[in-house]
Amino acid sequence: MKTMLNVALPKGRLGEKVYNMFDQAGFPCPSILENSRKLIFENEECGVRYFWVKPSDVAIYVERGAADVGVAGKDILLEYNPDVYELLDLDIGKCRMAVAAKKDFRDDQQKTLKVATKFTNIAQRFYASMGRDIDIIHLNGSIEIAPILGLTDVIVDIVETGTTLKENNLEVIDTIVPISARLIANKSSYKFKNQQIDKIVSDIAKQMEGKND
Ligand code: PRP
């Protein structure tokens, strides 16, 4: 029997793009395209098993070895620093981690800055590198509301098109880091399933070269 490669896909539009890349790399699993609420799909012939997980959970599955490979945003890798190999920048799911504030916000450097974010570690590192004292408030979503209601001075969050900020009268005041989706691998899987994983990496890299021509 073939060794199965376990792949954690981020649920959603990004995950569908990722599946297409794996499909073209020689790991098809057509049943995944059928609209169903199933979360696990496998193609024994090709030796691959896919499962849909919440995008922010992909790195956990890969770090713990429940998945051999997966695709996670650089934001999650920077925030949680999972013990995995980062094999390839897939150049999709592109956005940036940014600081945003109300349009009339004037920063008083003497005051502790109040920051709302889901990405506590990224925010802490960013302000520590500037020697700025901050007070972090961890929120789980709708971060944009915090400065509007006076909960915080600024937010640290993902900005993709900028529409969410615009519609809430906020603007970017600093860009922390560009973000994109990364192919990651479990460290021991990378040793023991090296042939399959290397094939995926080189095939997907080739697909990307083709697109850049
Ligand atoms: C992210 C982020 C912003 C929005 C930015 O949220 O937190 O709210 O996207 O995108 P835009 O610049 O294109 O408007 P996401 O949709 O990922 O949902 P989440 O709050 O559940 O993380």
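**Ground rules.** I number residues from 1 along each chain as its sequence is written, and I leave hydrogens and water out, using heavy atoms for side-chain values. Because the model is predicted, local features need pLDDT of at least 70 and side-chain atom pairs count only at pLDDT 80 or more, while totals for chains, interfaces and linings use all residues.

**The sheet.** I looked up the strand order and found an open sheet of 5 strands, β8-β7-β9-β6-β10, with mixed pairing; strands are DSSP runs of E with at least two residues, numbered from the N terminus, and two of them pair if DSSP finds at least two bridges between them. β8 (134–138) and β10 (170–179) stand at the edges with a single partner strand each, so one side of each has no neighbour in the sheet. From one strand to the next the twist averages 30 degrees, with angles taken from 0 to 180 degrees between N-to-C directions of lines fitted to C-alpha atoms.

**One pair.** I followed β6 (residues 95–102), which pairs with β10 in the antiparallel sense over 8 bridges, and there Ala98 stands opposite Thr175.

**The ligand.** Among the residues that surround the ligand are Lys118, Asp157 and Gly162, where a residue counts if one of its heavy atoms lies within 4 Å. I then checked polar contacts, pairs of N or O atoms within 3.5 Å: an oxygen atom of the ligand lies 2.8 Å from a polar side-chain atom of Glu144, and a polar side-chain atom of Thr161 is 2.5 Å from a ligand oxygen atom.

Key:
Helices (H or I, at least four residues) and strands (E, at least two) are DSSP runs, numbered from the N terminus. A polar contact is a pair of N or O atoms within 3.5 Å; within protein, one must be able to donate a hydrogen and the other to accept it, and residues adjacent in sequence count only if both atoms are side-chain atoms.
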